[in-house]
Amino acid sequence: MPAIYDAKHATLTAENAGTVDKSADLPLVLDLDGALIRTDILFETFIAYVRQNPLRLFQVASWVARGRAVLKQKLAENAVLDVESLPATEDLVSFAAREAAMGRKVHLATATDSLVAHRIKKRFPFISRVFASDGATNLKSKAKAAVLVDAFPDGFAYAGDSRADVPVWKAAQESIVVNPTPGVLRAARAVREPVEVFERPRTGFKFVARVLRLHQWAKNGLIFAPLLLGGLMFDVQAWTLAAAGFLALSLLASATYLLNDLFDLADDRRHWSKRNRPLASGRLKIAHALVLIPAGMIAAYAIAAWIGPVAIGFLTLYLALTLAYSFSLKKIELLDAAVLATLFTVRLGFGVALAGVVFSPWLLVFSMFLFLSLSFAKRHVEVTRMEAHGRTKAAGRGYKVGDGPMVAMIGAASGLASVQVLVLYVMNEAYSAGAYAQPLMLWAAPPILFLWVARIWLLAQRGELDDDPVAFAVKDGPSLLLGAVLGMVFAAALLG
């Protein structure tokens, strides 16, 4: 039975304690990608290089044609990679550091280019020597095994994570398996029983939900609002189209969230909460994200094509705004919040188009002011926490220390403006629109909205609000209660 390392208590437990003594005589060789680091440096350097200018994809294509070793070398030379923030496999790091402290030689053998590998060596002082790709040789699988056999003729222990490491495990005297899939673990055990197994974090529905950000799909519920406000509560066809639009926009949103996370990797890893996101933490591989992003977009547009040209148009508008936000607009203070509010209003406009109703401009303006307020609440939380963590500037954003009061003032004013616009809607249109059986009931809506907006900003000022006010609202009891009462108000106004 393999020994299992418990990083929390810094102990090794094994049925055969002699295993540890024998291991101490062998040099410990660590793989990098997926083992010491929970990510792939090739993809990391690719994203770091392309994020500055997507047109660099053409340059990357020319490097690919010259071979994998050349590609890695060129990316290592040209990409700005923050190696200090790369997610490490902490259990393996603790184990290797302890072994080195006991006098065991620890080395790094990786297919990553030598330039990056030596930078990573500086981060982990227990590493004595580096074996890496050099622009001519891609040090992987059999090539890595041959180099290590030549360097350590008396034997070595090797820690790897993938099927490409099987030839290295065959050449080694001891196997250590890190973050394995069940198939990789079986392949390693077919060579010999590993002396150590560092299990990968378990994944399940909660992980998938975090990858797709299913909680963010609640924002797309705005698509259904025009059905309720336009008197189509019992129209099956309208609900079918709205449901299809909701699914299409949600899939597209999940794809764009992943794309945004790819381009925010370095900033997210320096963030107090975003560093735990699937991509930033290394739990979701960049390669998998690069498959999920186009898959989500294709699925979204396939549904939109079934709905019709209007759906394709709204999805394209949403995608264009999101890409503009991800690539540049999010770095411009104030404008970033305006873009987020616009995306919410696009959702509402999409619902209007799907329902085929004549919708009030008052409610579209109301949407802009309300979601502008919520967007500024999100920024206020980030600025406040940035100051609490001793930072002078928000990573990847345009906000600086001291901007909190101004952001709060603009955001609270926008929230109050949304209440005022709702009042004007009731006064100037609700009675004459003919959609409401009892428009008098709508006068209950402005004070309810005021209470909710005031609660959001009170909690934001106290530092008790989550990073995303909308995600907070769908889990907050008082917010859900106020939302339910508001829904009943509009239902009573509509049905009489």
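Me: Let's start with the largest pocket. How do the residues of its lining divide into nonpolar, polar and charged?

Reply: The lining of the largest pocket has 29 nonpolar residues, five polar and one charged. Ala, Val, Leu, Ile, Met, Phe, Trp, Tyr, Cys and Pro count as nonpolar, Asp, Glu, Lys and Arg as charged, and the others, Gly among them, as polar. This is a predicted model, where local features need pLDDT of at least 70 and side-chain atom pairs count only at pLDDT 80 or more, while totals for chains, interfaces and linings use all residues. Residues are numbered from 1 along each chain as its sequence is written, and side-chain values use heavy atoms, with hydrogens and water left out.

Me: What volume does the largest pocket have?

Reply: About 1100 Å³. Of the 35 lining residues, L222, L370, F371, G483 and L486 are the closest to the centre of the pocket. A pocket here is an open set of points on a 1 Å grid over the protein atoms alone, where a 1.4 Å probe fits, with protein on both sides within 12 Å along at least five of seven lines; lining residues have an atom within 4 Å of a point. Grid points are joined across faces, edges and corners, and the volume is the space filled by probe spheres set on them.

Me: Which element gives the most to that lining?

Reply: α22, with ten residues. Elements giving two or more residues include α17 (335-355) and α18 (361-388). Helices (H or I, at least four residues) and strands (E, at least two) are DSSP runs, numbered from the N terminus.

Me: New topic. At what angle do α16 and α17 pack?

Reply: About 170°, with the axes of α16 (residues 309-327) and α17 10 Å apart. So α16 is roughly antiparallel to α17, a label for angles over 145 degrees. Axes are lines fitted to C-alpha atoms, for helices over the stretch in contact, and angles run from 0 to 180 degrees between N-to-C directions.

Me: Which residues make the contact?

Reply: Among them are F314, L321 and Y325 of α16, and L340, V346 and F350 of α17. Contact means heavy atoms within 4.5 Å. By class, this one has 14 nonpolar, three polar and two charged residues.

Me: Last one, S128. Where is S128, and why does it count as partly exposed?

Reply: S128 lies in strand β5 (residues 127-133). S128 counts as partly exposed because its relative accessibility is 37%; buried is under 20%, exposed over 50% and partly exposed in between (1.4 Å probe, protein chains only).

Me: What is S128 in contact with?

Reply: Leaving aside neighbours within four places in sequence, K105, V106, H107 and K121. V106 is 22 residues from S128 along the chain, and their C-alpha atoms are separated by 5.8 Å.

How values were computed
Parallel < 35°, antiparallel > 145°, perpendicular 65-115°, else oblique.
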